[in-house]
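This report describes how parts of a protein model are arranged. Please examine the sequence and the structure shown here before reading on.

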Amino acid sequence: MFCTNCGKEIPDDSAFCPECGAAQPGTTPPPVSNANGYVKPAGQSVVQKAPYNTICIVGLVLSCISLVLNFWGIVGIAATVVSVIGLINCKQKNENGKGLAVIGIIIGSLSIIYGVFSLVSLFSLIAEMGA
């Protein structure tokens, strides 16, 4: 058998030419191994990781902002709503970020509770000043 690229004589079962390295048609290339010793069978497609859902990330960022700027729970409500929408999208599209959405929901809910307590304290303070 001769190389289809450089024309040198090569063994009949060669997948690549030892001279120029060109793949030979009609042969299957040998399995490729990496540093960990894993051998990927020839012709197997590479599986890519699912991307992170952007809405989940936004919900987590909003919930972190709600810890600093709560405005009586309004930012916490927005963070919780966005995180719930992100969690639903993650499940529908099979994307990463479910954990981020759950953390956003928890922090947003805590911010809502803190906002409610702030409002109750504010109203009780106003009521005391008026009495």
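## Terms and basis of the model

Axes are lines fitted to C-alpha atoms, for helices over the stretch in contact, and angles run from 0 to 180 degrees between N-to-C directions. Helices (H or I, at least four residues) and strands (E, at least two) are DSSP runs, numbered from the N terminus.

The model is predicted: local features need pLDDT of at least 70, side-chain atom pairs count only at pLDDT 80 or more, and totals for chains, interfaces and linings use all residues. Residues are numbered from 1 along each chain as its sequence is written, and side-chain values use heavy atoms, with hydrogens and water left out.

## Packing of α1 and α2

The axes of α1 and α2 lie 8 Å apart, at an angle of about 160°. The two helices are therefore roughly antiparallel (angles under 35 degrees count as roughly parallel, over 145 as roughly antiparallel, 65 to 115 as roughly perpendicular and the rest as oblique). Their crossing is left-handed, that is, the near helix is turned anticlockwise from the far one by less than a right angle.

Contact means heavy atoms within 4.5 Å. On the α1 side, the residues include I55, V58 and L62, and on the α2 side they include V75, V82 and N89. By class, this contact has 13 nonpolar, seven polar and no charged residues (Ala, Val, Leu, Ile, Met, Phe, Trp, Tyr, Cys and Pro count as nonpolar, Asp, Glu, Lys and Arg as charged, and the others, Gly among them, as polar).

## Packing of α1 and α3

The axes of α1 and α3 come within 8 Å and cross at roughly 25°. α1 is therefore roughly parallel to α3. This crossing is also left-handed. Among the residues in contact are I57, C64 and L67 of α1, together with L100, I107 and S111 of α3. The contact comprises nine nonpolar, six polar and no charged residues.

## The loop between α1 and α2

F71 lies in the loop between α1 (54-68) and α2 (74-93), and W72 is found in that loop as well. Most residues other than glycine have a negative phi. F71, however, has a positive phi near 50°, and W72 has a positive phi of about 60°. F71 counts as exposed, at 52% relative accessibility (buried means under 20% relative accessible area, exposed over 50%, partly exposed in between, with a 1.4 Å probe and protein chains only).

## I113 in α3

I113 belongs to helix α3, residues 98-130. I113 is partly exposed, with a relative accessible area of 45%. I113 and G73 are 40 residues apart in sequence, and their C-alpha atoms are 7.2 Å apart in space.
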